[in-house]
Amino acid sequence: DAVQNSSAAGISLLVGSNASEAATYAALDPDVTTHARPLLRREFGNETAAKIISSYETSSPGATAKEIDMNIMTDERYGIATLRLADAQSSFAPTYRYYFSAQCPGLPPQMKAGHGTEVPFVFGLIPRTNSPADELVRVMGEYWMSFIARMARVFPFH
């Protein structure tokens, strides 16, 4: 609400989310996603929650209940909040949003695009292997560093 009411007017924003944010938390606590459906029921009521869950099931044929719950948790905790923040700030300053969906080399497949897995790409911490990941490292690093350099000119560090 504060951002929507111009509390950060004039401050550029770079914000994003990953395709499977909840995967990181599920790797640490396999039961973490069990909160997704009760949360929907509490926030929207049983009927609307059932429609939302059905929509996730339809859009992910063959997904397990746990995978559906991870998708719900990813959107609820990060995807929707990130989109709302970007939308609110975009009226007051340049706003950039990313959506990360790549597999981070060295992590198990179930961690694909989990929370924080974009960070090694941004800072070039991925081993160079002549793969598409090399290009992603280059592009992400360039974009993020360009944003940081621009912000340093606007808000000089003393």
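Residues are numbered from 1 along each chain as its sequence is written, and side-chain values use heavy atoms, with hydrogens and water left out. Because the model is predicted, local features need pLDDT of at least 70 and side-chain atom pairs count only at pLDDT 80 or more, while totals for chains, interfaces and linings use all residues.

**Helix 5**

Helices (H or I, at least four residues) and strands (E, at least two) are DSSP runs, numbered from the N terminus. Helix 5 covers residues 132–154, a run of 23 residues. From first C-alpha to last, helix 5 reaches 34 Å, close to the 33 Å expected; the expected span is 1.5 Å times one less than the number of residues.

Burial is judged by relative accessible area: buried is under 20%, exposed over 50%, and partly exposed in between (1.4 Å probe, protein chains only). The buried residues of helix 5 are Ala-133, Asp-134, Val-137, Met-140, Gly-141, Trp-144, Phe-147 and Met-151. Their cover includes strand 1 (13–18), strand 2 (95–100) and helix 4 (119–122).

Val-137 has a relative accessible area of 4% and is therefore buried. Leaving aside residues up to four places away in sequence, Val-137 touches Phe-121, Gly-124, Ile-126 and Arg-128, where contact means heavy atoms within 4.5 Å. Glu-118 is 19 residues from Val-137 in sequence, and their C-alpha atoms are 9.3 Å apart.

**Asp-69**

Asp-69 is in helix 3 (residues 65–89) and is buried, at 10% relative accessible area. Not counting residues up to four places away in sequence, Asp-69 touches Thr-33, Ala-36 and Arg-37. With Arg-37 there is also a side-chain to side-chain polar contact of 2.5 Å. A polar contact is a pair of N or O atoms within 3.5 Å; within protein, one must be able to donate a hydrogen and the other to accept it, and residues adjacent in sequence count only if both atoms are side-chain atoms.

**Aromatic pairs**

Rings of Phe, Tyr and Trp (its six-membered ring) pair if their centres lie within 6.5 Å; planes under 30 degrees apart count as stacked, over 60 as edge-to-face and the rest as tilted.

| Pair | Centres | Planes | Class |
|---|---|---|---|
| Tyr-25 and Tyr-78 | 6.4 Å | 10° | stacked |
| Tyr-98 and Trp-144 | 5.4 Å | 50° | tilted |

Tyr-25 in helix 1 (residues 22–28) and Tyr-78 in helix 3 are 53 residues apart. Tyr-25 is partly exposed at 27% relative accessibility, and Tyr-78 is partly exposed at 22%. Tyr-98 in strand 2 and Trp-144 in helix 5 are 46 residues apart. Tyr-98 is buried at 17% relative accessibility, as is Trp-144 at 18%.
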